[in-house]
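Trainee: Please take a close look at one part of this model, the nonpolar surface patch, and explain the terms as you go.

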Amino acid sequence: MRSKHLKNKDELRSILLHEKCHSKQYHSLDIMLIEVLMCFLWFNPFIWLFKKEIETNHEFLADSFVVNSGIDVNYYSTLIVNQSKSHISGIYSGFSLIKTKNRLNMLHQQKPSIFKNFLKISFAFILCTGIFVLSSSSPVKENKSFVVLIDPGHGGKDLGSLDEKTINLEIANQLIELSKSSNIRIVSTRDSDKFISLNDRVKMIDKIKPDLLLSLHCNASGNSEQKGVEGYYSPNNLYDKVSKSFIEILVQKQLENESDNGNIKSVNFIILRDPKVPSVLLELGFLTNNMDSERLRDKKQQKIIATRILDGLEQISSISK
């Protein structure tokens, strides 16, 4: 800079301090890097904005360095204005009047007190904590109040009786579809013909922690005359009494408009005994009986069966609240 533009030693010192900060903090490296990037990304408008922001930040850092070195902020502000008007390179660095105004605003911006910073940090912490608590609900239950884990019996190499594994899954899928317009949230242990061991099923149940486990099956007997619906629960389950009351409701719903009687039996099946939730098993009919077999294989009848199961689950949900 030519000497005629330097009115006194403070002005010279201010300029030298300003440029010293640029040099000491290696601002030129930032500029070189962004220039290289612009050679390849010149068509991206954001790279140009990014460059302007980097330059603005550099000027702010240099201005702060000058003021913190003992130069009066009002004197230094006047110097910036004068330099911008005369279009001299150096402390002005080719910035527009808008950028000069921004520099002046940042220079005169009051630093927040420690107390104000503490309040801001505390508020942010409380806000984040509140959001976390409100959003930490179980992903399984979503917005529905009652969760039922349906276990379509058998699957894969475990065939069950005749084509039982397929019928169990078909009715479970019908139930899931119907539940979409219900307040009941249905989850299934399997959605395809795959084998899942009893122990793995129990682990899945304990992981999901539903309000009720409902295992779906079809029965079989050496007596082809035997037919009807049967319900099972385990007296060794942690919720044995609740499970018994739930299966009674489900069996009764299946018997609506039917003349057959439903049997409720206590058993020691692993799938009913070991889960730490109310657990029941519903035998929907005998595949060895012609009448039951025809009903269980018919798609329309399967929907009726699923509808009655859902009705039972909604009744169970209402008394469980």
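**The nonpolar patch**

Mentor: Leu33, Val36, Leu37, Phe40, Leu41, Trp42, Phe43 and Trp48 make a nonpolar surface patch of about 880 Å². The model is predicted: local features need pLDDT of at least 70, side-chain atom pairs count only at pLDDT 80 or more, and totals for chains, interfaces and linings use all residues. Residues are numbered from 1 along each chain as its sequence is written, and side-chain values use heavy atoms, with hydrogens and water left out.

Nonpolar side chains (Val, Leu, Ile, Met, Phe, Trp, Tyr) are joined within 5 Å, like charges within 9 Å. Accessible areas come from the Shrake-Rupley method with a 1.4 Å probe, and for residues only the protein chains shown count as cover.

With five residues, helix H2 (residues 27-41) gives the most to the nonpolar patch. Helices (H or I, at least four residues) and strands (E, at least two) are DSSP runs, numbered from the N terminus. Leu37, one of the patch residues, lies in helix H2. Leu37 counts as partly exposed because its relative accessibility is 34%; buried means under 20%, exposed over 50%, and partly exposed in between (1.4 Å probe, protein chains only).

Cys39 has 60% relative accessibility, so Cys39 counts as exposed. Cys218, at 2%, therefore counts as buried. With a disulfide defined as a pair of cysteine sulfur atoms within 2.5 Å, the count is zero disulfides.

Methods. Patches are made of residues with over 30% relative accessible area and no salt bridge: like charges are joined within 9 Å, nonpolar side chains (Val, Leu, Ile, Met, Phe, Trp, Tyr) within 5 Å. A salt bridge is a side-chain nitrogen of Lys or Arg within 4 Å of a carboxyl oxygen of Asp or Glu.
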